[in-house]
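Subject: Structure for your review

Hello,

The structure I promised is below.

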Amino acid sequence: MSETKRSTWGSSATFILAAIGSAVGLGNAWRFPNLAAKHGGGAFLLVYLVALITIGIPLLMMEISIGRKMRSGAPGAMRGMKKWFEPIGWTATSNAFVIVTYYAVVFAWVIMMAVFSFKFIGMTGNNEAASGLWAGLIKTTGTIKGFGDFSVPVIICLLAAWGSIYYCIRNGTKSIDKVIKYLIFLPVVCFIIMTIKGVTMPGALQGLAAFFIPDFSALKDPMIWVDAVGQVFYSMSVMMAIMIAYGSFLDDKSNIARDGLIIAFSDLAVSLLAGVVMFTTMYGTGMQDVLAEKAGPGLAFIVYPTAIVNLSNSGIFNAFFSFVFYFCLCTLAIDSAFSLVEGISTAFSDKFGTNKKKTTITVCIIAGIISLIYTSGAGLAVLDIVDNWCNSFTLILVGIIETIAIGWFFKTDKVVKEINRNATGFKMPKVWFYAAVKVIAPVALTIIFVWNIVNLFVNNGGLYGAADGYNMLSNILAGWVIFGLCLISGFVINLIKTKNQPKEEKSWDGVEETED
């Protein structure tokens, strides 16, 4: 794709909203509150803020600036810095592809729960029925057995999920411009409605105290630091080919230093709002003890429905509240889902000079077909294994390699200059950026990676999910094989040649700059 034909964001505000939509996802809604409950409430918030400032913001600005400078997706942008950097970009892109195959299914589950919210009308006070609704609809066996038993409701909702994802990005930045202004504010409005209800419930004050008042004894636990850094890393959508792709569509006069701060702290604000909703609701329904024990689907699809049927004595009100909650999660899920696809399609269309719209259709179709695996009875178990390897190993490894490559094998001052090129007022300090990219990020991420390896092999005998009935074959196929494919993807893709492939290569020093 030539530079003259490359689309751009309609405005700086549109880019900011799109980036916020990508960063703000389902992890904000359930993983953030879960970790806060697990690690002493306000103590986790404090550590999270430190991690956000020291790692999250610098890496976010770094990827956006690389994308804008090189006008290319993650692989092409990385190659423009150093040729041997390109596989790093492809590993990030491949991992994003794997993630979107199962993220779309989680999106489908959320759609399904919103559609079936009417069932809560007859479940007032019935905890067993409420907690079993989701599992019954997805027909999960809870183990890797049951591939032949597919859930029709999930498949229908999955088609709706992929249809909405494609619709939002069918024309790239032009179609994103039209939908993002509505999608990004809907979850905020929903969360505000739920917050108003939450703070009026009995026990709400105790919930707020548990969320915001630090238990400083929790700071002694090394896991609070590991989890905080991990949450920042996942929440900022860095190292997933997204922010580089989004940055590549930025206007040359954009202020990355300012925009990066807005994106980061907006993401934090939504996380805090979600935390208030979750804590006040759980304490208000007397279910605070399970908040720290359940994460992910367990919290959103099992525990929360139980809380919903205990909100009031009115089944109609509970059903309405359920619809609002899951509709809110839908708006969170779709932004993150289509940003993953956008990062992938941008990487391939830039590399091979293919039509962007056709590339997006192809990515959606292939990913959609693969995602059918997760609609089977064994789908939940497979998703759990794949998700563990994508986030605990591949994503972290990409972060380590990318920060070392840019921090130690590229001139870091060039990246800082690009970040601050149009900055007015706040500028990214060199000391802050150097410390983050050269030392803090690679060291912190290496510690997390080593911890995950040790935890798997030393504490769990090399088998993830043994207590849930997962065997070694499932770990190898859904875990290590996919991990290996992501790592070698760049070398394999480079062997593919097309007639439309751009002949001229971009380099960092060869790209013209405008004056500040």
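The whole structure contains ten salt bridges, a salt bridge being a side-chain nitrogen of Lys or Arg within 4 Å of a carboxyl oxygen of Asp or Glu. This is a predicted model, in which local features need pLDDT of at least 70 and side-chain atom pairs count only at pLDDT 80 or more, while totals for chains, interfaces and linings use all residues. Residues are numbered from 1 along each chain as its sequence is written, and side-chain values use heavy atoms, with hydrogens and water left out.

One of the bridges pairs aspartate 227 with lysine 38, with 3.6 Å between the closest N and O atoms. Aspartate 227 belongs to helix α11 (residues 222-235) and lysine 38 to helix α2 (residues 26-38), so the bridge links parts 189 residues apart in sequence. Helices here are DSSP runs (H or I, at least four residues), numbered from the N terminus. Aspartate 227 is buried at 10% relative accessible area, whereas lysine 38 is partly exposed at 46% (buried is under 20%, exposed over 50%, partly exposed in between, with a 1.4 Å probe and protein chains only).

Arginine 68 bridges to glutamate 418, the closest N and O atoms being 3.0 Å apart. Arginine 68 sits in helix α3 and glutamate 418 in helix α18 (residues 412-419), so this pair joins parts 350 residues apart in sequence. Both arginine 68 and glutamate 418 are buried.

Lysine 414 and aspartate 509 form another salt bridge, at 2.8 Å between the closest N and O atoms. Lysine 414 is partly exposed, at 22%, and aspartate 509 is exposed, at 61%.

Regards

Definitions and conventions
Helix = DSSP H or I, 4+ residues; strand = E, 2+ residues; numbered from the N terminus.
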